[in-house]
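User: I would like to go through this structure with you, starting with its charged side chains. Could you set out the terms as we go?

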Amino acid sequence: MARSDAAITAAGSELIALSHSIHAEPELAFEETRSVAKVLVPLAERGFEIDHGVAGLPTAFRASYGSGPLTVGLCAEYDALPKLGHACGHNIIAAASVGAALGLAEVADALGITVVVLGTPAEESGGGKILMLEHGAFDDIAMALMVHPGPDEIVDARSLALADLSVVFHGQEAHASAAPEQGRNAGDAATIAQVAIGLLRQHLRQGQQLHGIVGDGGVAPNVVPARAELLYYLRAADSASLGDLMRRASACFEAGALATGCTHETRTLAPTYTELTPDPALLSAYRTQIAGLGRTPIAPELAAQRPLGSTDMGNVTNVIPGIHPVIGIDAGGAVTHQPGFAAASVNASADRAVLDGATALARTAIAAARDELHRDRLLQRLVRRQEDIR
């Protein structure tokens, strides 16, 4: 591990500069062109082979080094949030994955591994990893690793399954004063649906959540709205529970349309995210390595009570052995998706998280590659998965 650690240390200032540069120019889902260009510079300089536009996505890529049978995938996220910038710290994720790749490249031949950095756009909205998974970008990956910043150190991070919905109500325009009886108010349909959703919350199962906004409520106060749109996230502890929640929420949307004489249509705006199912052996290896760097994760029983939110990395871990731990930064009491967390994502603790995250991920991969039983398990699972694909 010394050679890998040394390579990461040598690249330390470059990795921190990468994190800060991505942070300084936040880009939204599927538009991360500048961020991708920045991430690829250190990889190309170290001899990684670059494939652009993976899965038909302009801002997705694969950067590969080595030729060993055990392929280590490092997921780099780099999309930001509307108006909040990098309030989820994806600049840290990208830089840590690049750092881990540089460290692993130093020992790739000795370990018999291939190192792959997967540039995965649109995690916040759009499900870039899911699209890449469906198009075969992960087909040769034996283990998929990444680390996500947060206000706490959580090895056993959990996430919720997620459905991203648009519900559009269609009514009939009319003059709101002169001829309201000729109108069918789509805005009222949305209001009734939201009231029903609010009443439903009392009866949700543990782990189920609903939250949304009005995307469109009409054009003018004196025109009965002929169109209204709700944008909602539905979340649940697992995919089965999410299916139950979808059925119940759908009845609320239907009630709004029925009560107002409107029609409605529901569509998903992104692929459905599944819950994280991290690989226990890889988690154990990561826990050992992150503790060796002087970090103290919260107890597993507490981690289980604190879902991360939702991530398309859940879909990856349902197919490939992988991990998505949270590395702690000092956010001054802020949590992810707050302006304070965006500001904290380039402070001194965030810079340490880049280097510690890179080191811990690289050490985790090295430990798995060196352990004969662990390595064989990963390779055998890869073979079975590839046979299923064929």
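Analyst: Buried means under 20% relative accessible area, exposed over 50%, and partly exposed in between (1.4 Å probe, protein chains only). This is a predicted model, in which local features need pLDDT of at least 70 and side-chain atom pairs count only at pLDDT 80 or more, while totals for chains, interfaces and linings use all residues. Residues are numbered from 1 along each chain as its sequence is written, and side-chain values use heavy atoms, with hydrogens and water left out.

User: Is Arg 34 buried, exposed or partly exposed, and which residue forms a salt bridge with it at 3.8 Å?

Analyst: Arg 34 is partly exposed, because its relative accessibility is 39%. A salt bridge is a side-chain nitrogen of Lys or Arg within 4 Å of a carboxyl oxygen of Asp or Glu. Glu 27 forms one with Arg 34, with the closest N and O atoms 3.8 Å apart. Glu 27 itself is buried, at 4% relative accessible area.

User: Which residues are linked in that network of salt bridges?

Analyst: The network links Glu 25, Glu 27, Arg 34 and Lys 38.

User: How many salt bridges does the whole structure have?

Analyst: A search of the whole structure finds 16. One of them joins the side chains of Arg 363 and Asp 5, at 2.6 Å from N to O. That pair links distant parts of the chain, with Arg 363 in helix α13 and Asp 5 in helix α1, 358 residues apart. Helices here are DSSP runs of H or I with at least four residues, and strands are runs of E with at least two, numbered from the N terminus. Both Arg 363 and Asp 5 are buried.

User: Which other residues of α1 are buried, and what covers them?

Analyst: In α1 (residues 2–10), Ser 4, Ala 7 and Ile 8 are buried along with Asp 5. They lie on the same side of α1, because they cover an arc of only 160 degrees around the axis, taken from the directions from the helix axis to the C-beta atoms. The cover includes α2 (12–24), α4 (90–105) and α13 (348–370), counting contact as heavy atoms within 4.5 Å. On the other side, Ala 2, Thr 9 and Ala 10 are exposed.

User: Changing topic, where is Glu 123, and what does its side chain touch?

Analyst: Glu 123 is in the loop between β4 (113–119) and α6 (128–134). Its side chain makes a polar contact with that of Thr 311 at 3.3 Å. A polar contact is a pair of N or O atoms within 3.5 Å; within protein, one must be able to donate a hydrogen and the other to accept it, and residues adjacent in sequence count only if both atoms are side-chain atoms.
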